[in-house]
Amino acid sequence: MTMRVLLALIAIFALAAASPLNPLSDAVINYINNVAKPGWTAGRNFDEHELPLLKTLACVNTTANGEYMKQNMPVKDGFFRSDLPKEFDARKKWTKCASIGEIRDQGACGSCWAFATAESITDRICINGLDKVRISSEDILSCCDWCGSGCGGGYPAKAWQYYVQTGVVTGGPYASNQGCMPYEIAPAPGHSHSLMFPREPTPPCTNKCRKGYDKTYNQDKHKGKNSYAVKGVKKAMQEIVDNGPVTAVFDLYQDFYSYKSGVYRHTTGFRVGGHVVKLIGFGNENGDDYWLVANSWNKTWGDHGLFKILRGSNECGIEDWIAGGEPVV
Ligand SMILES: *[C@@H]1O[C@H](CO)[C@@H](O)[C@H](O)[C@H]1NC(C)=O
Ligand SMILES: *[C@@H]1O[C@H](CO)[C@@H](O)[C@H](O)[C@H]1NC(C)=O
């Protein structure tokens, strides 16, 4: 072995030793489950090599969303109820609204802001007894040009306002041929084993329903009456109990990728960005108060697509920017 090769090898070993563990590695999963024991269980949702592309799943600048909400969204007020249940699951109150428990898949696109809002609107249309349609994530993602930058991220506060100002058409999951504008981005990552899965480009807005749909884009628009911020833990609980699921924004840390069950709290890893999800209930597990939340990373992720996160201590900022709205009835 030449000296030069030896030096190169030493350099490679030194680099490997200095680089942090892959947050998706078995070593980190074992650390969470056997050393940190944070009240939630980690497991394998993604392959280790998928780490770089998971960044595309983060979809919101939490600071900018917060600033926008403070300036442009009314805070919903109202009487505080003293009879809040200790435990609540919107799926059990509104059993006829199957959409509440449905888990969508945003694919390799930072569209969680459009997803959580479309999901929440869908549920609220059903809860108000109006319709059992699926509201299109795609319409918000592609056609709201002032909501953000599509797959590059956007603002749930603006998505709610788009619902009030313009309305949103219907649309099911990828390749479903359901509704006016089904989602156009295939499920991934987590199901893709390609090493370099790039962020998908934002599908262009067509302002048209798919071929064969029996309404026009304008006829299919479902409109909101209002949209608002909900401030405070009890107010948010009350809002979910009375009016249905809401959207919430939180800091996405690397350990969250490996969530499987239990009550999540940030335990290890770097902050990747902001994430947007749909709160559907709350409760207490082993002494930890939690929010029950629907993610949009397919039902193969986490606890059948759902997760629980600590409630009452603003874990990862989850209680800062909760939003909702009401459909035109
Ligand atoms: C997020 O928004 C804030 C406030 O608008 C801005 O200062 C910051 O640079 C943004 N962060 C990123 C990562 O774009
Ligand atoms: C979830 O992933 C599976 C496997 O890739 C896929 O068949 C399914 O359509 C995905 N679900 C949604 C809602 O896209």
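A cavity is a set of grid points where a 1.4 Å probe fits but cannot get out, whereas a pocket is an open set with protein on both sides. With that in mind, let us walk through this structure, which is a predicted model.

Rolling a probe the size of a water molecule over the atoms shows where empty space is left. Here there are two cavities of 30 Å³ or more, and the largest cavity has a volume of about 40 Å³. Which residues line the largest cavity? They are S99, E102, R104, E119, T122, D123 and K278. Helix α6 gives the largest share of this lining, with three residues. If you sort the lining of the largest cavity by class, you find five charged residues, two polar ones and no nonpolar ones.

Two packed helices are described by the angle between their axes and the distance between the axes. For α6 (residues 112-127) and α8 (residues 156-165), the axes come within 9 Å and cross at roughly 45°. The crossing of α6 past α8 is right-handed. On the α6 side, the contact is made by W113, T117, S120, I121, R124 and I125; α8 brings P156, A159, W160 and Y163. Seven of the residues in this contact are nonpolar, two are polar and one is charged.

Now for the open spaces. The largest pocket holds about 290 Å³ of space. It is lined by 16 residues, and the closest to its centre are I103, R104, D105, P173 and Y174. The lining of the largest pocket is made up of six nonpolar, five polar and five charged residues.

The second largest pocket contains about 150 Å³ of space. Of its 13 lining residues, L84, P85, K86, M237 and R311 are the closest to its centre. Which elements each supply at least two residues of this lining? Helix α9 (233-243) and strand β6 (271-285) do. By class, the lining of the second largest pocket has six charged, four nonpolar and three polar residues.

Definitions and conventions
Residues are numbered from 1 along each chain as its sequence is written. Chains are lettered from A and ligands numbered from 1 in the order in which they are written. This is a predicted model: local features need pLDDT of at least 70, side-chain atom pairs count only at pLDDT 80 or more; totals for chains, interfaces and linings use all residues. Side-chain values use heavy atoms; hydrogens and water are left out. On a 1 Å grid over the protein atoms alone, a cavity is a set of points where a 1.4 Å probe fits but cannot get out, and a pocket is an open set with protein on both sides within 12 Å along at least five of seven lines; lining residues have an atom within 4 Å of a point. Grid points are joined across faces, edges and corners, and a volume is the space filled by probe spheres set on the points. Ala, Val, Leu, Ile, Met, Phe, Trp, Tyr, Cys and Pro count as nonpolar, Asp, Glu, Lys and Arg as charged, and the others, Gly among them, as polar. Helices (H or I, at least four residues) and strands (E, at least two) are DSSP runs, numbered from the N terminus. Axes are lines fitted to C-alpha atoms, for helices over the stretch in contact, and angles run from 0 to 180 degrees between N-to-C directions. A crossing is left-handed if the near helix is turned anticlockwise from the far one by less than a right angle, and right-handed if clockwise. Contact means heavy atoms within 4.5 Å.
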